Amino acid sequence: MCEFRVVLRKPEGEEEVALDVVRAAYEDGGLVLIDITGASKKVDGAIIVDVNVPKEQLELLGHPLLGRFLNIAFAHVRGADKGTLRAMWEEFKRAGDNVFG
């Protein structure tokens, strides 16, 4: 079995967030990491950008807008109505205005 070290890159720097991870899944705008013991840790607003098996490392990219965007994408795929999607999009744009000024 391959266990991964998980590194999170954010605008403010890089940090190790988990060790011995054997599973990763998206849930409610975040990435849930599950280690070999079954313990879980949620990393909000992050996506996997690199899976490096030889180095046994997952690299994540974290950003305040990613969780909201993932929620919109999942809602769309799951068949949310246009009104709900439009409201989520407007909220996403407001959040973007707050992040980027």
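This is a predicted model: local features need pLDDT of at least 70, side-chain atom pairs count only at pLDDT 80 or more; totals for chains, interfaces and linings use all residues.
Leaving out residues up to four places away in sequence, Ala18 touches Phe4, Arg5, Val6 and Leu33. For a sense of distance, take Ala73: it is 55 residues away from Ala18 in sequence, and the two C-alpha atoms are 26 Å apart in space.

Let us step back to see the whole chain. The protein has two helices and six strands, and reading along the sequence gives the pattern β-β-β-β-β-β-α-α. Its C-alpha atoms fill a box of roughly 45 × 30 × 20 Å along the principal axes. Of the 101 residues, 31% are buried. Among contacts with a separation of 6 or more, 34% join residues 24 or more positions apart.

Now back to the surroundings of Ala18. This residue belongs to the largest nonpolar core, a group of twelve residues that also includes Phe4, Val6, Val17, Leu33 and Leu60. Strands E1 (4-10), E2 (13-27), E3 (30-35) and E6 each supply at least two residues of this core. Apart from neighbours within four places in sequence, Leu33 is in contact with Val6, Val17, Ala18, Val21, Arg23, Ala24, Ala39, Ser40, Lys41 and Val43.

With a relative accessibility of 39%, Lys41 counts as partly exposed. Beyond residues up to four places away in sequence, Lys41 touches Val17, Leu31, Val32 and Leu33. A polar atom of the Lys41 side chain lies 3.0 Å from the backbone oxygen of Val17. Ala24 is 17 residues from Lys41 along the chain, and their C-alpha atoms are separated by 9.6 Å.

Next, find strand E6, which spans residues 57-62 and contains Gln57. Is Gln57 buried or exposed? Its relative accessibility is 14%, so Gln57 counts as buried. The Gln57 side chain makes a polar contact with the side chain of Arg5, at 2.7 Å. Setting aside residues up to four places away in sequence, Gln57 touches Phe4, Arg5, Val7, Asp50, Val51 and Asn52. Phe4 and Arg5 are also touched by Ala18, where this tour began.

The last stop is the pair of helices. Helix H1 (residues 66-77) packs with helix H2 (residues 82-100) at an angle of about 165°, and their axes are 10 Å apart. Because angles over 145 degrees count as roughly antiparallel, H1 is roughly antiparallel to H2. On the H1 side, the contact is made by Arg68, Phe69, Asn71, Ile72, Ala75 and His76, while H2 brings Leu85, Met88, Trp89, Glu91, Phe92 and Ala95. The crossing of H1 past H2 is left-handed.

Finally, look for Asn98 in helix H2.

How values were computed. Residues are numbered from 1 along each chain as its sequence is written. Side-chain values use heavy atoms; hydrogens and water are left out. Helices (H or I, at least four residues) and strands (E, at least two) are DSSP runs, numbered from the N terminus. Buried means under 20% relative accessible area, exposed over 50%, partly exposed in between (1.4 Å probe, protein chains only). A polar contact is a pair of N or O atoms within 3.5 Å; within protein, one must be able to donate a hydrogen and the other to accept it, and residues adjacent in sequence count only if both atoms are side-chain atoms. Contact means heavy atoms within 4.5 Å. A nonpolar core is a set of buried Ala, Val, Leu, Ile, Met, Phe, Trp, Tyr and Cys residues joined through side-chain atoms within 4.5 Å. Axes are lines fitted to C-alpha atoms, for helices over the stretch in contact, and angles run from 0 to 180 degrees between N-to-C directions. Angles under 35 degrees count as roughly parallel, over 145 as roughly antiparallel, 65 to 115 as roughly perpendicular and the rest as oblique. A crossing is left-handed if the near helix is turned anticlockwise from the far one by less than a right angle, and right-handed if clockwise.
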